[in-house]
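Open the model in your viewer and show it as a cartoon.

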Amino acid sequence: MDEAVEAGLWGLVAGAALLFGAALGYGIRVPQKVIASVMAFGAGVLISAVSFELVGEAYDQAGLAPAAIGTLLGAFAYTGGNIWLARRGARHRKRSRTAKTQSQPSEVEQGGSGTALALGALLDGVPESAVIGVSLLNGGAVSMVTVAAVFISNVPEGLSSSAGMKKAGRTKAYVFGVWAAIAAASTASAVLGYTVIGSFSPTVIATVTALAAGAILSMIADTMIPEAFDDAHLAIGLITVSGFLVSFALSHA
């Protein structure tokens with residue numbers, strides 16, 4: 001199989017988890033504590049993947065400077081985009097709560113918030129998928145740990161966000177249209193991660209890998225952990241560590 005096609009297929013697999021989570025969140029009334037617990041577990045999985053599969057790989061490939069610079073650039077880029085979107089109604093895009101101060105606004109409450117939510121989902125999903133394609137550059141085999149980590153974390157993201165969208169009055173067509181588009185974007189991002197970044201030097205590849213890591217880590221801190229903490233704060237540490245250990249075990253299997 002052509003490796004670019006393989007990258008796209010794995011990106012689609014990871015992105016499809018968003019649709020699966022969205023179907024659960026929109027079609028089933030999932031208890032808030034369950035959503036929070038699954039979100040905490042997903043955060044732990046991603047933290048481990050960022051540490052060992054992304055930043056660790058970037059360091060091994062090109063040293064400390066590219067790994068550190070890339071991680072900081074990714075964090076700055078994500079934070080800048082997130083601030084811009086937050087001011088347009090996407091601050092709580094992963095929230096499923098009903099509390100007014102921690103819920104997604106409806107289009108009536110804030111015009112343009114639907115577009116901002118969609119762009120926010122894109123901002124969250126692209127870095128995760130791009131690194132799937134980049135992982136194929138190391139020996140011609142995709143990192144199954146990275147795919148598994150993104151898939152596992154995408155389920156609670158789609159679940160919580162779609163539940164919040166439904167409470168904000170978004171239509172079924174809007175909710176599933178957004179996640180279908182993000183799944184398609186995940187596929188394209190994985191392909192581009194392999195085809196475009198693969199033409200650069202190892203130092204640039206390492207920097208881009210770390211850049212994605214910084215963006216993902218910022219996303220975890222800004223959107224996933226707050227949702228988990230609200231309703232599972234007494235157990236969030238244990239649940240997050242469990243997710244971390246599952247991902248760690250996969251990376252050393």
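Select helix α2 (residues 32-62) and helix α8 (residues 236-251). α2 passes α8 in a right-handed crossing; a crossing is right-handed if the near helix is turned clockwise from the far one by less than a right angle, and left-handed if anticlockwise. Helices here are DSSP runs of H or I with at least four residues, strands are runs of E with at least two, and both are numbered from the N terminus.

The model is predicted: local features need pLDDT of at least 70, side-chain atom pairs count only at pLDDT 80 or more, and totals for chains, interfaces and linings use all residues. Residues are numbered from 1 along each chain as its sequence is written, and side-chain values use heavy atoms, with hydrogens and water left out.

Stay on this pair. The axes of α2 and α8 come within 7 Å and cross at roughly 40 degrees. Axes are lines fitted to C-alpha atoms, for helices over the stretch in contact, and angles run from 0 to 180 degrees between N-to-C directions. α2 and α8 are therefore oblique to each other. Angles under 35 degrees count as roughly parallel, over 145 as roughly antiparallel, 65 to 115 as roughly perpendicular, and the rest as oblique.

Now show side chains. On α2, pick residues including Phe41, Val45 and Phe52; on α8, pick residues including Ile239, Phe244 and Phe248. They belong to the contact between the two helices, where contact means heavy atoms within 4.5 Å.

Next, select helix α5 (residues 144-167). α5 has 24 residues and reaches 35 Å from its first C-alpha to its last. Color by accessibility: 18 of the 24 residues in α5 are buried (under 20% relative accessible area, with exposed over 50% and partly exposed in between; 1.4 Å probe, protein chains only). Just after α5, click Gly169, which takes a positive phi of about 90 degrees.

Finally, zoom out. The protein has eight helices and zero strands. Of its 253 residues, 48% count as buried.

Notes. The expected span of a helix is 1.5 Å times one less than its number of residues.
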